[in-house]
Amino acid sequence: MTNAEAPRYRAAELVEHARALFAAAGCDGDKPATIAEGLVEADLLGHSTHGLQLAAAYLGELEAGTMTPRGEPEIVADRGGAVTWDGRRLPGLWLTAKAVDLAIERAAAHGIVAVVVRRSHHIGCLASFLQRATDRGLMITIASSDPADASVAPFGGRKAVFTPDPVAVGIPTDGDPILVDISASITTNGMSNRLRREGKRFPGAWAIDAAGRETDDPASLYADPPGTILPIGGAGYGHKGYGLALTIEALTQGLGGFGRAEAPTGWGASVFVQVIDPAAFGGSADFRRETSWTATACRTNPPVPGVDAVRLPGQRGLARKRQALADGVALYPAIMPALAPWAEKLGVPAPKPIG
């Protein structure tokens with residue numbers, strides 16, 4: 001099924017459906033709404049493996065007691081501009097949104113604010129949080145790792161040490177913000193698992209098997225012994241992704257004081273959030289002048305043969321979001337069937353497709 005043929009849903013109805021599911025599953029306060037909004041935002045931007053695709057798995061974690069549905073994070077340290085929380089395995093989308101909002105609130109006073117969250121549950125799509133800051137003229141960086149999991153080997157090695165270790169950066173301009181969302185590995189666990197389930201291959205040699213041989217078969221990651229995803233740069237230039245992974249692990253687990261050294265278990269995350277107020281430096285207007293000049297220089301750059309135009313990171317996602325808000329969200333075909341048993345179990349009616 002192509003994206004054009006996929007069933008479309010009104011974004012607000014998807015948010016309400018997910019909100020009702022997480023409320024019925026026991027999440028308190030604003031957690032259901034925040035989780036729902038974050039998941040649907042990922043689908044709006046086109047990150048279909050990290051949107052509502054995750055809802056069924058999150059509901060399973062709540063039912064199993066491995067995601068905490070109620071309460072607040074524990075404050076480990078707070079120096080105003082530097083904050084550390086113990087997330088107590090609370091929903092990661094809620095914890096990260098709360099961390100971003102705290103950093104935004106304090107950025108006016110401190111210029112730069114960083115919040116680190118240890119023992120969070122999975123945080124979904126990093127790009128879905130960025131406009132919370134960029135819409136206010138603030139620059140934001142979010143990084144995440146999972147110290148209980150490993151699927152990416154260090155460059156030159158064949159045993160997994162890292163997770164894909166994503167990092168996202170939101171940069172305000174005079175027009176649309178630049179929304180960078182990348183990982184230290186060539187692909188994600190979510191995409192690898194989807195391709196494996198569907199019997200498909202990677203577009204290239206994105207992984208190595210347990211013997212260290214390059215492969216395009218995602219099933220190699222689930223063999224016994226397992227292979228690993230390659231870092232950005234692949235077998236030839238993976239030192240680049242390796243360096244990025246080491247940096248992200250230090251920002252998330254190192255600063256949080258909890259990570260792989262403690263041998264944790266369970267699906268989760270360590271999170272780093274940083275918000276910068278350009279007004280505390282050269283000034284907000286001057287910041288946007290510089291970022292806008294660079295953005296224009298990139299968009300107007302002459303394209304290489306076979307490329308229609310040079311795009312900025314996030315440009316395609318924001319265009320998808322505008323179209324989806326107007327015409328409906330085209331969900332990946334497997335998402336609603338996966339949610340149907342939960343909707344029935346929790347007594348939450350499913351939304352109807354448009355048309």
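In which sense do strand S8 (residues 207–208) and S10 pair, and over how many bridges? I looked this up in a predicted model. S8 and S10 pair in the antiparallel sense, over two bridges. I then checked Ala207 and found its bridge partner in S10 to be Ile229.

Next, the sheet around them. I read the strand order as S9-S8-S10, an open sheet of three strands with antiparallel pairing. Strand S9 (214–215) and strand S10 (228–229) are the edge strands, and each pairs on one side only.

Then the overall fold. I counted 11 helices and 12 strands in the protein. The radius of gyration is 20 Å, close to the 20 Å from the globule rule for 355 residues, so the protein is as compact as a globular protein of that length. I noted a C-alpha trace spanning about 50 × 50 × 45 Å along its principal axes. Of the 355 residues, 48% count as buried. Among contacts with a separation of 6 or more, 68% come from residues 24 or more positions apart. I put the accessible surface at about 16200 Å², with 54% of it on carbon and sulfur atoms.

Last, the cores. The largest nonpolar core has 65 residues, and Phe22, Leu39, Leu52, Val115 and Ile142 have the most contacts inside it. Helix H4 (residues 92–110) gives the most to this core, with 10 residues. Apart from this core lies another, of nine residues, including Val152, Leu195, Ile229 and Ala245.

I also followed Leu52. Leaving out residues up to four places away in sequence, Leu52 touches Leu14, Ala18, Leu39, Val40, Asp43, Leu331 and Ile335.

Note on methods:
Residues are numbered from 1 along each chain as its sequence is written. This is a predicted model: local features need pLDDT of at least 70, side-chain atom pairs count only at pLDDT 80 or more; totals for chains, interfaces and linings use all residues. Side-chain values use heavy atoms; hydrogens and water are left out. A nonpolar core is a set of buried Ala, Val, Leu, Ile, Met, Phe, Trp, Tyr and Cys residues joined through side-chain atoms within 4.5 Å. Buried means under 20% relative accessible area, exposed over 50%, partly exposed in between (1.4 Å probe, protein chains only). Helices (H or I, at least four residues) and strands (E, at least two) are DSSP runs, numbered from the N terminus. Contact means heavy atoms within 4.5 Å. Two strands pair if DSSP finds at least two bridges between them. The radius of gyration is taken over C-alpha atoms; the globule rule is 2.2 Å times the number of residues to the power 0.38. Accessible areas come from the Shrake-Rupley method with a 1.4 Å probe; for residues, only the protein chains shown count as cover.
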